[in-house]
Amino acid sequence: MQFFKTLVILVSCISVALAYVAQDVHVSFPSTKGKTSVMIGKVQPKQGTDGTAPTTIAVDNPNEVIQVNFAIDSANKPFQNTLLVGLPNKNLEMTFEPEIKDNGKLSMYNYKIDLAKLDAALLQEASRSVEPIKATLILASSTAKPKENLFREILQLDLNFNVDHSDSSLVDKFSIKPEIHHIFHTEPKRVAKPIAVIFVAIIVITILSLIVTWLNSCAAAFNNIPTGINAVYFLGFIATIVGFEVIFARYYLGTSIFETLFSSLYLGAPGLLTSTKFLRSFGQTI
């Protein structure tokens, strides 16, 4: 029994040793002379129920610069080193990256938070809701187990100074926006109807002129009408000509260019085949 207890303790120690642990975490105030640094101590991943409360710091100077410093084992550096500062409940957070200096077996991490450079919307919301600004430390890697990654709220900043609310454009910056309605493009402008009618009339006159020309040249004499399979090609030839005239007439009267192209494609393929065969057979009988 004693052996199993010792084994469990040993496994727990190894797990803690492999986890990301921030050592000697402390907060300093380089912009304010004489202000005492605040010691937080060791910060490690939560193991079970951890009731440790984050350190609260009152800030009286809107231009205060706050530095969060700690050390990490150089042999166990995390891939992600991030300090989130803001109001997580309001989805207002800013990301800070550290300055890292290697010092033998330890790597020193230094985060600098300049309150004067915090987003105005964040400061206004913190002042309006009387909620402290929270600092959450993230030390993690994709290769580490979830319980080995560090995600802890280590600091809370109580703002004891007046925040400028004169910029009203930030009031509704993060509020619920009105529903988006898609606006479709209007129909493209088409040619005036009288002009379209003129073009249609020109097409009709062209067709009639073509028929008259065929009759005068005896090309369309009734005794020359093909028979048999050539009659099918002849009807296809006539249908192709009339079909294209109808397609272009409909286009001039307002049909879209895409529908016109599709109609021309569907008519053009069989029309080209039947018309070619008819003209070849018709040329031999002239």
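**A walk through the fold and its ring pairs**

The protein chain has 5 helices and 10 strands. Keep in mind that this is a predicted model. Of the 286 residues in the chain, 31% are buried. The chain exposes about 19,100 Å², and carbon and sulfur atoms supply 62% of that area. Now look at how the chain meets itself: among contacts between residues at least 6 apart in sequence, 71% join residues at least 24 apart.

Next, the aromatic rings. The structure holds 4 aromatic pairs. One of them is phenylalanine 70 with tyrosine 109, a stacked pair with 5.3 Å centre to centre and 10° between the planes. Phenylalanine 70 sits in strand β4 (residues 65-73) and tyrosine 109 in strand β8 (residues 106-114), so this pair ties together parts that are 39 residues apart in sequence. Both phenylalanine 70 and tyrosine 109 are buried. Tyr111 comes into the picture here too, as ring pairs link Phe70, Tyr109 and Tyr111 into a cluster.

Is tyrosine 266 buried or exposed? Its relative accessible area is 61%, and the cut-off for exposed is over 50%, so tyrosine 266 counts as exposed.

Key. Residues numbered from 1 in each chain as written. Predicted model: local features only at pLDDT ≥ 70, side-chain atom pairs only at ≥ 80, totals over all residues. Heavy atoms only, no water. Helix = DSSP H or I, 4+ residues; strand = E, 2+ residues; numbered from the N terminus. Buried < 20%, exposed > 50% of the residue type's maximum accessible area, 1.4 Å probe, protein only. Contact = heavy atoms within 4.5 Å. Areas by Shrake-Rupley, 256 points an atom, 1.4 Å probe, with all protein chains shown as cover. Phe/Tyr/Trp six-rings, centres within 6.5 Å; stacked < 30°, edge-to-face > 60°.
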